[in-house]
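Have a look at the model on the screen, and I'll talk you through a few spots in it.

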Amino acid sequence: MNLMEQLERLCLLPGVSGYEKSVRDEICNQLDGHCEYQIDKLGNVLVHKKGVQTPKNKIYISAHMDEVGFIITNIEENGLLRFQSVGGFDPRVLLGRLVEVGEQQVRGIIGAKAIHMLSKSEEEKPVEIDHLMIDIGTDSKEETLKVVRPGERASFVSTFQQLGENRLLCKAFDDRVGCAILLDMCLSELPYDCIIAFNVGEEVGLVGGTTAAYQAQADIGIAVDCTAVSDIGGSSPEYYVGVQGDGPVVSFKDGGAVYDQELFHLALDTGKQAGIPCQSKRACTGANEAKAMQIARGGMRIMAISIPGRYIHSACSVVHKEDVVNTRLLLEKLLPALAQVEKYPS
Amino acid sequence: MDTAQLLLEFSSLQAIPGREFELFQTISNYLSPYGELSLSPLGSIICQFRKPKENGVHILLDAHLDEIGLIVTQVGEDGFLKVDSCGGVDPRLIMASALWIHTKSGSIPGVVCSIPPHLSKGERKNPKINEIYVDCGLTPEQAKEQIRPGDAITFQSTPAHLLGNRITGKALDDRSGCVALIKALEWLKEEPLDCGLTLVFSAMEEVGGQGAQTAAWQLNPTHSLVIDTSFGHTPDAKSHECGSMGAGPMIGHAPLLNYQISRQLEDIAQQENIPYQSEVMTRRTGTNADEIAMSRDGVKTALVSIPLRYMHTPQELVDIEDVENTARLVSTWVKSMSKGGETA
């Protein structure tokens, strides 16, 4: 399977934080027969990937398997489901979407009363999650409980589409794009050993990322995530954060951490030397698993290499195919560069 | 044809107000067993089921074919599109919505731009439809070459059979009405009728009812029955403003509707054991009934609505039994009108 096929397969699976089973099963199915891996107590998949050589210091790279989604909090007497978000959502991207709920993947509509019944002032306000419900077509609590229980997750129903010549449109690029890239690395020959992790619960507080980083006992940590950019209509360049098509986004600081300065420049220089487009992140927004890596045990020197994503945390996120490919290439080129790096900044 | 299948197929048709004529061939495939088809100047599709006799009763059955959507207003210098609504698009859900842009060389996907929670600041308000941008992933040159102002945009949606008897999809307002009328004609097919009967799948209901208005003028009926959709109750709405899903067609009462026909429909429903509900309106009905009733020197008009949840979203919801019961009510009423059941 090539990288794009991996991406499509992974994005369409349901895997809301805390119930990443489908994604984990798919990844492990593919790793079987190729790599040694273990599944830890929280459900992270840790791969001790053998490369051609062993680096001076241990390198750890992670992506997260979970996507933002919903959790069912209550079943009403009328059969409708009440829910809350798992991970951060703008409520304006929820109403009217079709979701798949629970182990049985029952389809339901995120609904509220029709717009015709609102006053002018109500029309302007987003419908908050507390006022939304999921309708699976039942009329009683009893009927609903046959197929869905409180605590189950719901994720968007989505297709995987090409958008223009170069872009892709689907749910969950954050962070199945990271998973697809790291899975491709696991299934390829790499120049150096590294630990590759597919983690759980990033969106709800770096849960898996924290425990995986602890187990990795590494010196250098790289988070491969999907970062929110807004190089879109109605925005202006000072707010873009990153530009799709300009390659992987390398962070110097974000909402979670100050990154290792030497490694930040190393990433950009490595890209330049190898002819791989890459860009530095233009704002200090967002956070990812590198925050947890930095403070694991005695600390790691951290990097974030991100794929720029539009409209993330919605049913319709968009990535640029070349950015995906170039991130994969950059990571491979980084391994030999990092192999020579010391345990401390210089 | 199976009602659920019809609903799923009709939900998948793409026609914003003004583009209904593009569906003429497809609709002909469904309607040609029932009569001669023609297209009105505004794009309404007309099927003459039984030719009206001179001075005889002539019934116009109407459901609207158009769905709410968007229309391209500008192709931006940056490759992003500006749009506006064609019909009452819901601003509460427009952000990050997946769309189909229907260009001269085919339909391409697009997404309504939205700023993710990580980057947004300040108070969140729903955007105005004419302030949003649409991302088709095209360069400015590609966008200018492929897309023109005036191109139609519909919402991407997943037509699906949910649990029980429920069907979800876009445009069930009023494609479910169209389906109910097809089923009614199916049941009337072999009936000898003494009255004229013309079916109109009307254009442009969502932007002012111009299709129904002009079709009514052209056909000059004596009576009309309009099938549209109305609000199916959800807990956040007032019960008295809604009907219940599965409780049957909502028989309309309103000043401009014909009072005797409203009661006649209720009597028929009771006699035939068809579940029904009432919908009482105080002024306009907000449907094609308004335009048809005031055509020429007036038409005796009735309105029956199918209860529908999540109106004007990409995943509306109807109950299959409500659609079938609406069809039964319509066909039984037509038969009674033919037998001189007209008391109005």
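Let's start with helix α2 of chain A, residues 21-31, where the buried residues are A:Val23, A:Arg24, A:Glu26, A:Ile27, A:Cys28, A:Gln30 and A:Leu31. Buried here means under 20% relative accessible area, exposed means over 50%, and partly exposed is in between, with a 1.4 Å probe and protein chains only. Helices (H or I, at least four residues) and strands (E, at least two) are DSSP runs, numbered from the N terminus.

Quick housekeeping: this is a predicted model, so local features need pLDDT of at least 70 and side-chain atom pairs count only at pLDDT 80 or more, while totals for chains, interfaces and linings use all residues. Residues are numbered from 1 along each chain as its sequence is written, chains are lettered from A and ligands numbered from 1 in the order in which they are written, and side-chain values use heavy atoms, leaving out hydrogens and water.

Back to α2(A). What covers its buried residues? Among the elements doing that are α1 (3-11), β1 (37-39), β2 (45-49), α5 (173-186) and β12 (194-199) of chain A, where contact means heavy atoms within 4.5 Å. Just past the helix, A:Gly33 has a positive phi of about 85°.

**A buried glutamate**

Now follow chain A on from β12. In the loop between β12 and α6 (207-216) sits A:Glu202. Is A:Glu202 buried or exposed? It counts as buried, because its relative accessibility is 8%. Skipping neighbours within four places in sequence, A:Glu202 touches A:His64, A:Asp66, A:Asp225, A:Ala287, A:Asn288 and A:Glu289. And A:Gly87, which is 115 residues away from A:Glu202 in sequence, is 8.7 Å away in space, C-alpha to C-alpha.

In the loop between β11 (167-170) and α5 of chain A we find A:Ala172. That alanine has a positive phi of about 65°, though it isn't a glycine, and at 9% relative accessibility A:Ala172 counts as buried.

Over in chain B, there's a cis peptide bond from B:Asp173 to B:Asp174, with omega near 10°. B:Asp174 belongs to helix α4 of chain B, and 15 of the 17 residues of α4(B) are buried. How long should that helix be? At 1.5 Å a residue, its 17 residues (172-188) should span 24 Å, and the end C-alpha atoms are 23 Å apart, so that agrees; the expected span is 1.5 Å times one less than the number of residues.

One more from chain B: B:Arg296, in the loop between α7 (288-293) and β16 (300-308), has a positive phi near 50° without being a glycine. B:Arg296 counts as partly exposed, because its relative accessibility is 45%.

**Zooming out**

Chain A has nine helices and 17 strands, and chain B has eight helices and 17 strands. The radius of gyration of chain B is 21 Å, close to the 20 Å from the globule rule for 344 residues, so it is as compact as a globular protein of that length. That radius is taken over C-alpha atoms, and the rule is 2.2 Å times the number of residues to the power 0.38. For chain A, 62% of the 346 residues count as buried.
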